[in-house]
Amino acid sequence: MTGRKVPDEYLEGYVQILTDVCATGRRFTRDELESLRTQGERAAEAGFGVRAVVRRHLAVARENWPVLYASAGEAALAAVEQAIDAFAEGHERAQQLAVRQEEAVRREFIDDLLYGRSDLGRLSERAERFGLLLSRAHAVAVAQGGKPVEETDPATRQVERAVVSRFGERRILLTTKDGRLVCIAPGDQDDVLTFFAKQAYAVTEGGRVAIGRPHPGAGGVVHSYEEALNALDLADRLQINEPVLRAADLLVYPVLTRDRQAMADLVDNTLGPLLSARGGARPLVETLTAYFDSGCVAAEAARRLSLSVRAFTYRLERIHKLTGADPGDPVHRYTLQTAVIGARLLGWPDDDV
């Protein structure tokens, strides 16, 4: 629209107001300024850019300059400036309203997309407006930091600029949801999500990023998003310190917890005897956790817990005596390790499993 001449209808009353103000030397009335602002709003709604309308106003003022200058001299320039300023204010007001409305539409779409609350056919139509083709598979990456982030946060803008600068106008959607950064990209463009993860990790100051698996269709976006959220939750429960998590690498954990009651029974039957230990079960569960996380190397596990090897070995012997399962025995080890994973996932012994 900026290349088209702005029609006279968007300058209605402009010359007459200027002429009256210059002829009488009075100030603009409130109604006159508001009428100019209204014209500016109308021009913006019609799609004319502010540069085009300002040029048109200056051109009309130049055509009428001999009359205006003859009446007001140098004050005529101030009158033209004030008139154009009012018009530009109205134009800006309309633009801000349009931005707010667009943001509201975008936020509604994102909520529907990530929660799967809308008709899939209609959702696919709306997705094209925001650069997504839901007929393709998509994957979702979610970044979570120490504090919530919103669309307007500098960190969000920084990540968005970096991703757009690197990959241009690919079909990527960056947004925020529940205080987290979210990136939705075609499932075959893992480089986009990997780059997003790197940038998001940097701006969240040591946060964590989880990447869901690619899934087809609108429902696939929801599935991948939920996988990423579950990966973040697992990382908190299991104290996984990796900065970037992939749901594909954590599939064993949902399998283990699919039957929650069975897992709770395993934890209770295997680790329950540790509750009778002096100091409770927690120190001994932490001993097993360190032992398994260190590859069953007692010296390394002792170092992680700031214990002597002798003290650590004593704890392993205590576990063996209480549970009847030897952490050093390959057969017993599998049962103990699975029970320890279950305890961490279920919050045992703090929570009632």
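Predicted model: local features only at pLDDT ≥ 70, side-chain atom pairs only at ≥ 80, totals over all residues.

**Aromatic pairs, strands and salt bridges**

Tyr291, Phe292 and Phe312 are linked into a cluster by ring pairs.

How many aromatic pairs does the count come to? The count comes to five aromatic pairs. One of these is formed by Phe167 and Phe195, whose ring centres are 5.5 Å apart. Their planes stand at 80 degrees, so this pair is edge-to-face. Phe167 belongs to helix α7, which covers residues 154-167, while Phe195 belongs to helix α8, so the pair ties together parts that are 28 residues apart in sequence. Are these two residues buried or exposed? Both Phe167 and Phe195 are buried.

In the pair of Tyr291 and Phe292, the ring centres are 5.8 Å apart and the planes are at 50 degrees, so the pair is classed as tilted. Tyr291 is buried, at a relative accessible area of 7%, and Phe292 is buried as well, at 9%.

Which strand is joined to β2 by five bridges? That strand is β3, and β2 and β3 run antiparallel. Thr176 has Leu181 as its bridge partner in β3, and Thr175 has Val182.

My next subject is the charged side chains. Side chains of opposite charge can pair when their charged atoms come close. A search of the whole structure finds 18 salt bridges, and I shall describe three of them.

In the salt bridge between Asp188 and Arg136, the N to O distance is 3.2 Å. Where do these two residues lie? Asp188 is in the loop between β3 (180-186) and α8 (190-203), and Arg136 is in the loop between α6 (120-129) and β1 (137-144), so the pair ties together parts that are 52 residues apart in sequence. Asp188 is exposed, with a relative accessible area of 60%, whereas Arg136 is partly exposed, at 31%.

Asp293 and Arg344 form another salt bridge, with their closest N and O atoms 3.9 Å apart. Asp293 lies in helix α12 (residues 282-293) and Arg344 in helix α15 (residues 330-346), so this pair ties together parts that are 51 residues apart in sequence. For Asp293 the relative accessible area is 42%, which makes this residue partly exposed. Arg344, by contrast, is buried, at 17%.

Some of the salt bridges share partners. Glu34, Arg37, Glu41, Glu89 and Arg93 are joined in this way into one network. Within it, Glu34 forms a salt bridge with Arg37, and the closest N and O atoms are 3.2 Å apart. The two residues are three places apart in helix α2 (residues 30-45), a separation of about one helical turn. Glu34 is partly exposed, with a relative accessibility of 34%, and Arg37 is buried, with a relative accessible area of 16%.

I conclude with one further residue of helix α2, namely Glu32. Glu32 is buried, with a relative accessible area of 13%. Which side chain does the side chain of Glu32 meet in a polar contact? The partner is the side chain of Arg26, at 2.7 Å. Not counting residues up to four places away in sequence, Glu32 touches Ile17, Val21, Arg26 and Arg27.

Thank you for your attention.

Key:
Residues numbered from 1 in each chain as written. Heavy atoms only, no water. Salt bridge = Lys/Arg side-chain N within 4 Å of Asp/Glu carboxyl O. Helix = DSSP H or I, 4+ residues; strand = E, 2+ residues; numbered from the N terminus. Buried < 20%, exposed > 50% of the residue type's maximum accessible area, 1.4 Å probe, protein only. Pairing = 2+ DSSP bridges. Polar contact = N/O pair within 3.5 Å; in protein donor to acceptor, adjacent residues only side chain to side chain. Contact = heavy atoms within 4.5 Å. Phe/Tyr/Trp six-rings, centres within 6.5 Å; stacked < 30°, edge-to-face > 60°.
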